[in-house]
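Trainee: I have a structure open on my screen and would like to learn how to read it. Could you walk me through it?

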Amino acid sequence: QTQFQAKTVTMRIGCRFLVKFMFFLLLTILIYERVIRSVYIARELKSNVLLESSSFSIPDDNSYYETKQNTIRSLNPLAEDNRGRNHQHNQRNITNISRFPIKFSSQHKLNSDNERHFQGNTFVPLALERLIDSSNQPCMEGQRKVSNKHLPYKDLFKSGRKIPQLVHQTSKSRCLTKKVYGVIESWYFGNDWAYYFHSDEAIEKLFDQYWPEFPHLHLVYSACLNNRGTLKADLWRYLILWEYGGIYADIDSKPNLFNATSITSEDDAFFVVEQYHLLSQYFMAASPRHPIMYYTIHQVLSQLLDIPDTGEVSAPHITGPHALNRGFQYFMKDAGVKVEDGGVGKKPAKAGLWIGTYNRSITVKGVGEYENEYVYREHIRRKQKLKEYEAMGMKHFKMDTHATQKTCMRALFDAHHYSTRHLFDTVIS
């Protein structure tokens with residue numbers, strides 16, 4: 001009995017020692033983690049790689065494009081554009097471009113080539129009126145040409161609003177059938193709103209600009225989209241809102257409860273909930289340089305790089321609303337909030353105010369069961385829409401496929417090495 005009592009006492013002492021040891025070990029780990037995290041944050045702040053956040057400020061009448069909005073610092077310090085064109089005006093005498101945030105010019109000065117360029121630590125974008133197709137090609141009988149409504153960019157931020165009073169829409173050309181033209185007229189919100197209609201020519205001009213913050217953009221666009229109009233239009237809508245901000249709306253969508261006053265001066269981005277409980281991609285609004293657009297563009301490019309066939313791409317998942325939802329996930333992850341994937345029985349997007357990356361916000365309205373409450377998604381019904389699209393030389397995304405048996409990676413390899421391979425074969429022969 002004495003031996004048993006001795007063993008019991010020994011076990012108790014051992015357990016107490018073990019508990020104390022585990023407690024102090026856990027405490028040490030927590031303290032170490034806090035110290036490392038503090039050091040990391042201090043280094044980040046010192047390196048100026050955090051996004052800056054402030055409101056728009058337009059100091060004078062000569063300024064065209066200014067923002068002190070949050071900007072993303074992920075740039076590839078390549079002085080040459082990915083298409084291999086030598087931009088003399090893009091050569092930058094900097095080596096640590098990631099060590100300071102991107103600013104935007106308070107004076108809109110276009111270079112001789114009328115292209116977006118990088119000057120010092122300032123982006124100078126292309127003026128919208130230079131971007132838009134200005135051809136005078138006549139329309140076919142029964143079609144009408146869409147006119148743009150230009151206003152000085154600085155005038156679109158009245159009352160300190162973050163999202164400019166600007167509407168973007170796109171189609172193959174500016175010539176629309178009368179039925180489609182009647183729908184897009186509903187997006188003319190008044191004299192203090194600008195309206196720009198982007199044809200394929202304008203889309204090409206935007207993609208052809210200098211995009212160092214998206215180093216794979218030119219490569220993927222030129223080699224992997226395989227002339228897929230749907231994929232280009234998806235990627236373009238994120239890019240146009242990233243660069244200029246405003247509202248994007250499909251040409252068959254029409255405002256319902258949504259109107260010119262629905263977006264307030266405090267709104268940083270604005271979406272409705274679509275039928276699959278995702279953020280709407282057929283209608284969306286954002287301030288320039290909103291993080292969700294940055295994340296979504298990179299997500300789309302990443303997904304496209306991984307596609308097994310450049311001619312058969314599921315647009316809704318790779319470039320459409322599911323890609324936007326992944327951008328939304330990254331945006332909210334920065335605030336410690338997990339957003340679930342889209343799918344049957346899941347509801348990632350809900351009405352409310354979402355605060356994400358560096359306290360930037362997204363306003364969401366509506367519910368998926370009544371997706372047309374604010375904006376009619378398809379004011380022109382599917383069967384009639386297909387006829388209208390055909391008359392305008394367009395294809396629905398489900399018909400815009402053709403197998404190539406070539407991965408995006410292979411397409412990139414062929415695009416880069418065809419001339420070298422051809423030269424090598426010539427020398428050998």
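Mentor: Happy to. Of the 429 residues in the chain, 48% count as buried, where buried means under 20% relative accessible area, exposed means over 50%, and partly exposed lies in between (1.4 Å probe, protein chains only). Keep in mind that this is a predicted model, in which local features need pLDDT of at least 70 and side-chain atom pairs count only at pLDDT 80 or more, while totals for chains, interfaces and linings use all residues. Residues are numbered from 1 along each chain as its sequence is written, and side-chain values use heavy atoms, with hydrogens and water left out.

Trainee: How many helices and strands does the chain have?

Mentor: There are 11 helices and 14 strands. Helices (H or I, at least four residues) and strands (E, at least two) are DSSP runs, numbered from the N terminus.

Trainee: How do I describe two helices that pack together?

Mentor: Two packed helices are described by the angle between their axes and the distance between the axes. Axes are lines fitted to C-alpha atoms, for helices over the stretch in contact, and angles run from 0 to 180 degrees between N-to-C directions. Here, H7 (residues 291-305) packs against H9 (residues 321-333) at about 125°, with the axes 8 Å apart. The pair is therefore oblique: angles under 35 degrees count as roughly parallel, over 145 as roughly antiparallel, 65 to 115 as roughly perpendicular and the rest as oblique.

Trainee: Which residues of H7 and H9 make the contact?

Mentor: Contact means heavy atoms within 4.5 Å. On H7 they are Pro291, Ile292, Tyr295, Thr296, Gln299, Val300 and Gln303, and on H9 Ala323, Leu324, Arg326, Gly327, Phe328, Tyr330 and Phe331. This set divides into 9 nonpolar, 4 polar and 1 charged. Ala, Val, Leu, Ile, Met, Phe, Trp, Tyr, Cys and Pro count as nonpolar, Asp, Glu, Lys and Arg as charged, and the others, Gly among them, as polar.

Trainee: Now the loops on either side of H7. Is Pro288 buried or exposed?

Mentor: Pro288 lies in the loop between strand E11 (279-286) and H7, and is buried, with a relative accessible area of 0%. Its C-alpha atom is 6.1 Å from that of Leu241, 47 residues away along the chain.

Trainee: And what is the relative accessible area of Pro308?

Mentor: Pro308 has 63%, so it is exposed. Pro308 sits in the loop between H7 and helix H8 (315-318). Leaving aside neighbours within four places in sequence, Pro308 is in contact with Lys406 and Thr407.
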